[in-house]
Amino acid sequence: MSERFSSPKPLGPFDADRAVALARETLEIEAAALLGLKARQGEAFARAVQAILGCAGRVVVMGMGKSGHVGRKIAATLASTGTPAMFVHPAEASHGDLGMITTHDLVLAISNSGESDELNAILPVLKRLFIPMVAMTGRATSSLASHADIVLDTSVPKEACPLNLAPTASTTAQMALGDALAVALLDARGFKEEDFARSHPGGALGRKLLTHVRDVMRSGEAVPRVYLTTGFTAMMREMSSKGLGATAVLDENDRVVGIFTDGDLRRQIEKGRDLRNLTAGEVMT
């Protein structure tokens, strides 16, 4: 492989101490950014929550680059916590996907600079359609902010990137504010565990809350059953053929009067009883 396509080589030997120091500094910078974000939440945030609650359609999240990646996550979090939402790519919106947005929707636009060309190109169109817009931006005087009905300030003192270029602290702030919106909205909607489970039927919580007894029980001929006078060997054969570690014991009127389980069998054996000549009625619980 030519040198042109080879992986970049480190300029010097790896410095483990410096790597750990940078990790700690990154976390400190991002933690400070979130604390600053916390202090700025107030009327605008409450208005944004109220606007989304009043939206008859969906929250359409939009953003370019790293803000777009954050936007996809925010849309997914909103949708899974009771607020219908989807992500629309601004560049694709200019080439037909704008038709996905209706006058019943609300747009949540994300851009740290507020000057994303692809996003700004469609802002006038959204404005003409009277679609309400909430902006997450780090610049209150940006083009995005000027078009928005509500502006959420996500500015950070600096990025965690040593060059102060790569979106790091700013995207952390966007992600956290998106989570804050989702939490405030689910609380306002009275969203419960059962509602969350319906959005996550494949997860452990979904299975726990959505699975009912009727979904897993046996009924009819699938239930092992014997009578009080059934011999022990026949009873064990019934349990084995139906594939359950228990059988119901019925009286002459087909009413359930007892049960015999694998646990009962173990306890009878531990007592040293000769079970071969006993009936179901003599060993059942």
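What covers the buried residues of helix 2? The cover includes strand 1 (59–63), strand 3 (106–111), strand 4 (133–137), strand 5 (150–153) and helix 7 (169–188). This is a predicted model, where local features need pLDDT of at least 70, side-chain atom pairs count only at pLDDT 80 or more, and totals for chains, interfaces and linings use all residues. Residues are numbered from 1 along each chain as its sequence is written, and side-chain values use heavy atoms, with hydrogens and water left out. Helices (H or I, at least four residues) and strands (E, at least two) are DSSP runs, numbered from the N terminus.

**Helix 2**
- Phe45, Ala48, Val49 and Ile52 are buried in helix 2 (residues 43–53); buried means under 20% relative accessible area, exposed over 50%, partly exposed in between (1.4 Å probe, protein chains only).
- Seen down the helix 2 axis, the buried residues fall within an arc of 95 degrees, so they line one face. The arc is that of the directions from the helix axis to the C-beta atoms.
- Exposed Glu43 and Gln50 sit on the face turned away from the buried side.

**Thr83**
- Thr83 lies in the loop between helix 3 (65–80) and strand 2 (85–87).
- Thr83 counts as buried, at 2% relative accessibility.
- Leaving aside neighbours within four places in sequence, Thr83 is in contact with Ile52, Val59, Leu78, Leu185 and Arg189. Contact means heavy atoms within 4.5 Å.
- Thr83 and Cys55 are 28 residues apart along the chain, and their C-alpha atoms are separated by 9.5 Å.

**Helix 1 and helix 7**
- Ile29, Glu30, Ala33, Leu34 and Leu37 of helix 1 meet Ala169, Thr172, Ala173, Ala176 and Leu177 of helix 7.
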